[in-house]
Amino acid sequence: MPGSSDDLKLAGIELANFRNYEQVTLPALGMLNLFIGPNAMGKTSIIEAIQLMTSYKSFRTAKVVEAVRWGCSASCVRARIEGAGRIIDEQMVIDGGKRSYLLNGKTRTAAALRGLLPSVVFTPDNLALAKGANTLRLQAVDDIGVQLSKGFSQVKADYTRLVKQKNQALKDEAPDHLIDTIDDVLVKVSSQYTVHRQLVCQKMRTAFAEHYRNISGGSEEVDLAYLYSWDKDKQGIWTSETCDKEELKEQLSQALARKRPEERARRKAVAGAHADRVSFILDRHDAVAFASQGQQRSVVLAFKLAELDVLKQEGDTRPLLLLDDVMSELDEHRREYFMACIDRNTQTFITTAHEHYFSRDELNQACVFHLPFEGPIVHG
Ligand SMILES: Nc1ncnc2c1ncn2[C@@H]1O[C@H](COP(=O)(O)OP(=O)(O)O)[C@@H](O)[C@H]1O
Ligand SMILES: [Mg+2]
């Protein structure tokens, strides 16, 4: 069911011993929320807390325990989620080096909660997507996939475990029959994983190209290409044609047989979904090598807007949009386009050091929070 205006919203949030916050309560959030203040005041920490309550990861760190306030043993973030006649109390506790979640007082895994209230995060780090390493783009596709389907998360987790197991076996110089057994499973799981990723790319393509056209106003076409780990020799011949699962299994089996000596020599798995590639293609050329800085920014912006569109269309609940400090990275034209794409039903959180990026209208409509928070610990 596509999102509707009666979708779930983040109505309030409370942070305790999270990053630089001892205790802060924001009991009344709106549709557009602006956090304005100088550096090091805790703007990013608010976005991070919201991300942890919605997509269950932090763009800042893979080690969530780092978010516990220095000198404290535990951290708690509590969200009030409202909509569709429901009020949901969601809590995250980081204690004893571990993170756990409670939904209406009952323990839940992050995997079980995923999709409840998804989010799209856009930070200056994302600007590296167009120019940076392939792993960033694979991760970006995976981040969309895990929020779209529980099947995606499961297959990603299974695959990650298998590759780890295979790498260990290769390090241990395990006999061929043992590696064959791992490869038998790997072929199936890897192909499933690739199919899931291709589906995400497929869903992204149209919106990605359309946003790019609108932003650039030019004639260049942008597209996504998915390249298989065994197809590296084909670099330069970009295509978005994809194989189905049976074909993938067949091709990967052959690649694994061919690559066994290389995997033995390097003591690591080289064929499989972890070594696939996602490329941004600009007029049939790889953006990594050929895009100008301006084109790269437009590509990333178009990708993020497409991500928002896809999660809106495909998910059960309309995603939140979290923008950390990106306004200053975009020129006026891109900023205006971006703001125009945010519809009134998308709950949005924006941090910035400069109020002047927003029009009078936007400021009047928004819930504006000035940092540092002063006086009473409740702000709303
Ligand atoms: N675990 C932590 N405990 C206490 N303070 C922290 C922790 N992690 C980061 N900080 C501090 O929190 C402050 C706010 O950081 P941040 O949210 O990035 O601010 P902003 O986005 O406004 O620049 C920084 O001064 C940083 O050093
Ligand atoms: Mg910041």
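Trainee: Which residues touch the most other members of the largest nonpolar core?
Mentor: Phe208, Phe280, Phe303 and Leu323, in a core of 77 residues. A nonpolar core here is a set of buried Ala, Val, Leu, Ile, Met, Phe, Trp, Tyr and Cys residues joined through side-chain atoms within 4.5 Å. Buried means under 20% relative accessible area, exposed over 50%, and partly exposed in between, with a 1.4 Å probe and protein chains only.
Mentor: Keep in mind that this is a predicted model: local features need pLDDT of at least 70, side-chain atom pairs count only at pLDDT 80 or more, and totals for chains, interfaces and linings use all residues. Residues are numbered from 1 along each chain as its sequence is written, chains are lettered from A and ligands numbered from 1 in the order in which they are written, and side-chain values use heavy atoms, leaving out hydrogens and water.
Trainee: Which helix gives the most to this core?
Mentor: Helix α5, residues 176-216, with 14 residues. Helices (H or I, at least four residues) and strands (E, at least two) are DSSP runs numbered from the N terminus.
Trainee: And why does the core lie between domain 1 and domain 2?
Mentor: Because both domain 1 (9-118 + 321-370) and domain 2 (128-290) give residues to it. Those bounds come from an automatic or database domain assignment.
Trainee: How many residues are in the other core, apart from that one?
Mentor: That one has 39, including Ile13, Tyr101, Ala110 and Leu322.
Trainee: Switching to strands, what is the order in the open sheet of 3?
Mentor: β9-β10-β11, with antiparallel pairing. Two strands pair if DSSP finds at least two bridges between them. There are 6 bridges between β9 and β10, and 2 between β10 (residues 277-282) and β11.
Trainee: Which are the edge strands?
Mentor: β9 (222-227) and β11 (285-286), each pairing on one side only.
Trainee: What about β10, are its faces covered or open?
Mentor: Both are covered: Arg277, Ser279 and Ile281 are buried on one side, and Val278, Phe280 and Leu282 on the other.
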